[in-house]
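User: Hey, I've got a structure to look at and I'm new to this. Can you walk me through it?

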Amino acid sequence: MSTRRDFIKISALGTGGAALAMSSINLVQGSSIFSNSNSSANRGLNLKRYPTYCEVCFWKCAGWTHVNEEGQIVKIIGNENDPHCYGRLCPRGTGGVGMYNDEDRLQKPLIRENTGGKSSFREASWEEALDLIADKMKEIASKYGPESFALLKHGSPGSHLEHLMRAYGSDTVGEPAYAQCRGPRETGFATTFGSWVGSPEPTDIRDTKCLVLIGSHIGENMHNSQVQEMSDAIDKGATIITVDPRLSTAASKSKYWLPIKPSTDIALLLAWMHVLIYEELYDKDYVRQYAFGFDELKEHVKNMTPEWAYGITTIKPDIIRKTAREMANAAPSVIVHPGRHVVWYGDDTQRERAIAMLNALLGSWGRRGGFYFKEKLKVPKYPQPSYPHPKWSWETLGEKYPLAAMGITNEIIRASIPEEEGEHKVRAWMVGGTNLIKTIPDKPLLEKALQSIEFLVVVDTMPMDIASYADVVLPECTYLERYDGIRSATNREPSIALRMPAVEPKYESKPAWWITKQLGERLGLHDYFNYEEYSEVLDWQLKQLGTSLEEMKKIGVKTFERSSGPLYLSKGEPYEFGTATGKIELYSTELASLGFDPMPVYKSHPEPAAGFYRLIYGRAPMHTFSRTANNPNLYDLRDENNVWVNPKVAKIWGLKAGQEVWLKNQDGVVSSFPIKVRITERIRWDSVYMVHGFGHTNKNLSRAYGRGASDTEMITKVMVDPVMGGTGMRGNFITFITSNPRKGVES
Amino acid sequence: MRYGMAIDTKKCVGCSDCVVACQTENNVPIGYCRDWITETVSGTYPKVEIELRTERCNHCDNAPCVRCCPTGASHIIEGGIVKVTANKCIGCGACIESCPYDARYSHPEGYVDKCTFCDHRVKKGLQPACVSVCPTKCMYFGDLDDPNSEVSNAIKNRKYRVLAPEAGTKPQIFYLY
């Protein structure tokens, strides 16, 4: 059966005329990234700077885009007053200029055409592309209701698209940042402290005496201010304890590296609690005043001794005791870090609960060097009518996960497949700022959904894998070329940051605010887009906050005084937590009432069969997701991923360093591309490791195409968290294929 | 006045921000670099250690690249910074061969290029680009002749070593460990 939604390789499809147009643009503009006409001595002269905040990752560091007299962006430097970056961007922020210069960027709207049983893209005018999308949106709304048009999104463009979809009548919205990333920790901490962790995490790392990382690899994930504060903490002699089956960069800087057997973290966390309680090392006053369910917890962990945990985790009992005592000695200036990408084994909410509870026993929540009380400034909403009330939404689709607090992408995807159960069906998708192919596990299910939906719009700056499946592709301009919403995020002090265009958008790309306004006008939603330029919205909002667009253009970042009280609890201060009991719940009344374990229980997880190795994935500091693989500056720093293999394993397989292998997982899925072997003592013999986000399948990414392999492609076994719907992805096992499995097969 | 740098390997995470910041500051063409990251791994799992460090020209006191340059393009300026005058360089590559640190590269425009300690910034009282962006603040730059400079303070109370001391080049970048 031929499928309607062929996977289209954009580059192969341009007509002669289009290809010609592209190459002429390359001659003029594409050459600039390789141009060396400016000598370094002149580089710093007469530069104009414009405020921005970075969109290369979600940390959104504020900086200054520097533009030379020829109107070229030459560099981006951090804003000194920004609590996200303290004046120093990370490699991705510094290399953000490559996102602008990338000659593979989407240039014009593209529309899918089906002729003679074959799909192809043709370039279209904005007029035509927007008319087509608006007509489809009207059609979907009248046939099925606007709720059937889902939005899957990330980042700044996502906010504009969400505004459009809410105005249109759909709140069927999800982002991988929740169910494929940090969702479980928000639920785990909310059920304990009555508060989300949020982003950036309110971890008081700069003043901590002990930082405990459970699989979190700060320094490889460049969560900027955290990396900086970890470095400060190293300077001050803080103890770092890292639990990781791999010697991560952070582990290499740790006093204690606990090379744990993967999937057994909960046993270690329970044993640590056992030591704190039974050696009476926990913060007694804090627990007495603020905690609920201590006696239940004491009884719960009674037999969970370090000796018990040793058999499970392979971490020696004396190390478990020593590290527990280190934490207690540092308390309350200790942080057991919640981590960020925490969807591992499907019991992730419970593991995050255990982390939260450990922090509670150490008395670190609301304490200097532990977790501070974050504060965020509320940006007033630009005047608009209230959104229509949808008949169903992400909440309805996620109903079977009682504590889901945001849209569950995987459930929205499931609801897009007619044969799957469920009353409400999703018929069309808008996708903005997220490359679902490298984000959503269980690709067969995703493919099925992509085949089932009637219409797919992709908004992006780059021809990512997902763009190949679209009916319409809209070229968004990069963050350096546009206004966006005011960045207001949680920090020690509330602050706001402005993003403004430093240069005109390249090619025919457009900002998401403009795209959504154009669609809104076509849908008769003018009252939701009651402005000509987005700068009007910003100026209005900024004036409400006691500043103005004019002032923000000069300063980029503005910090405000706290209004919610001090950063930390004072001794004995009465405090009500946002839980049902008003206390820190060591025993979760909420989980108990829903029929879940009120306190975490260690359960064993499947292990690799002989000849298979657990797939562990993570980040490289110079890349974000799959977003940056083609960025010329960042590609230059790392152009592919490797599969890390322990020398013992390499010996069994006869693998040589740098050798290309194909990966095959437990379900027989073979990687689309080979990946080079890195033989290293940094990884356990029962696991392999690879950096996420490589192995791009879109040929129009001229650099990134086929470089390295995709971890996401290998993740077909998903262990769903029954509490909040997160997709546990660390239960996949791979083996090696040493000769090309597709030899002689036309690709 | 003697410029030098100390790099704290206990803090460097090998993120490469120094590399890309140097490229954008100095218009280093993509595919080339004046500074780079080295990772060394020692031991056997689970007793493994790694060292990450950012490397660049060592601005040696006894610089073989300057001695072997046939045109005088490679030279030393005030503060001991080793520089190349592009329009005097004939691209012969003798300096590249002579450098034990592999710190120089052939620029596609036909001359040899390398780290300048961002002397154009230093003149203005700024830090070199790599130092100014480093998220871990693992690099300390300044005047080694000034006992109170950041770099002098950094090496005062710490163990440090230089790279390839056996080459006799008297390098001026010190790795704290």
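User: Where does the charged end of A:Arg499 sit?
Analyst: The charged end of A:Arg499 sits over the ring of A:Tyr53, 3.9 Å from its centre. That label applies if NZ of Lys or CZ of Arg is within 6 Å of the ring centre and within 35 degrees of the ring normal. Before we go on: this is a predicted model, where local features need pLDDT of at least 70, side-chain atom pairs count only at pLDDT 80 or more, and totals for chains, interfaces and linings use all residues. Residues are numbered from 1 along each chain as its sequence is written, chains are lettered from A and ligands numbered from 1 in the order in which they are written, and side-chain values use heavy atoms, leaving out hydrogens and water.

User: Which salt-bridge network is A:Arg499 linked in?
Analyst: A:Arg499 is linked with A:Glu55, A:Lys60, A:Glu476, A:Arg482 and A:Asp484 in a network of salt bridges. A salt bridge here is a side-chain nitrogen of Lys or Arg within 4 Å of a carboxyl oxygen of Asp or Glu.

User: And how many salt bridges are there over all chains?
Analyst: A search of the whole structure finds 70. In one of them, the side chains of B:Glu25 and A:Lys75 meet at 2.6 Å, N to O. That pair crosses between chains, going from helix H1 (residues 17-26) of chain B to strand S3 of chain A. Helices (H or I, at least four residues) and strands (E, at least two) are DSSP runs, numbered from the N terminus.

User: Are B:Glu25 and A:Lys75 buried or exposed?
Analyst: Both B:Glu25 and A:Lys75 are buried. Buried means under 20% relative accessible area, exposed over 50%, and partly exposed in between (1.4 Å probe, protein chains only).

User: What does A:Glu201 meet in a salt bridge?
Analyst: A:Glu201 meets A:Arg340, side chain to side chain, at 3.1 Å, N to O. A:Glu201 is in the loop between helix H7 (176-193) and S8 of chain A, and A:Arg340 is in the loop between S12 and H15 of chain A, so the pair ties together parts that are 139 residues apart in sequence. A:Glu201 is buried, with a relative accessible area of 2%, and A:Arg340 counts as buried at 9%.

User: What about A:Lys236 and A:Asp207, how do their side chains meet?
Analyst: They meet in a salt bridge as well, at 3.2 Å, N to O. A:Lys236 counts as exposed at 57% relative accessibility, while A:Asp207 counts as partly exposed at 24%.

User: Let's switch to strands. What's the order in the open sheet of four strands?
Analyst: In chain A the order is S10-S9-S8-S12, with parallel pairing. Two strands pair if DSSP finds at least two bridges between them. The edge strands are S10 (256-258) and S12 (334-336) of chain A, and each pairs on one side only.

User: How many bridges are there between S8 and S12?
Analyst: Strand S8 (residues 210-214) of chain A pairs with S12(A) over three bridges, in the parallel sense. A:Val212 stands opposite A:Val336 in S12(A).

User: Ok, and strand S2 of chain A: how many of its residues are buried?
Analyst: Six of the six residues in S2 (residues 62-67) of chain A are buried. Both faces are covered: A:Ala62, A:Trp64 and A:His66 lie on one side, and A:Gly63, A:Thr65 and A:Val67 on the other.

User: Which way does strand S1 run against S2?
Analyst: Strand S1 (residues 48-53) of chain A and S2(A) run antiparallel, joined by six bridges. A:Thr52 stands opposite A:Gly63 in S2(A). S2(A) also pairs with strand S3 (residues 73-78) of chain A in the antiparallel sense, over five bridges. There, A:Ile77 is the bridge partner of A:Trp64.

User: Last topic: how many aromatic pairs are there over all chains?
Analyst: The whole-structure search finds 34. Rings of Phe, Tyr and Trp (its six-membered ring) pair if their centres lie within 6.5 Å; planes under 30 degrees apart count as stacked, over 60 as edge-to-face and the rest as tilted.

User: Why is the pair of A:Tyr382 and A:Tyr531 edge-to-face?
Analyst: Their planes are at 75 degrees, with the ring centres 5.7 Å apart, so the pair counts as edge-to-face. A:Tyr382 and A:Tyr531 are both buried. Ring pairs also link them with A:Trp513, A:Phe529, A:Tyr534 and A:Trp540 into a cluster.
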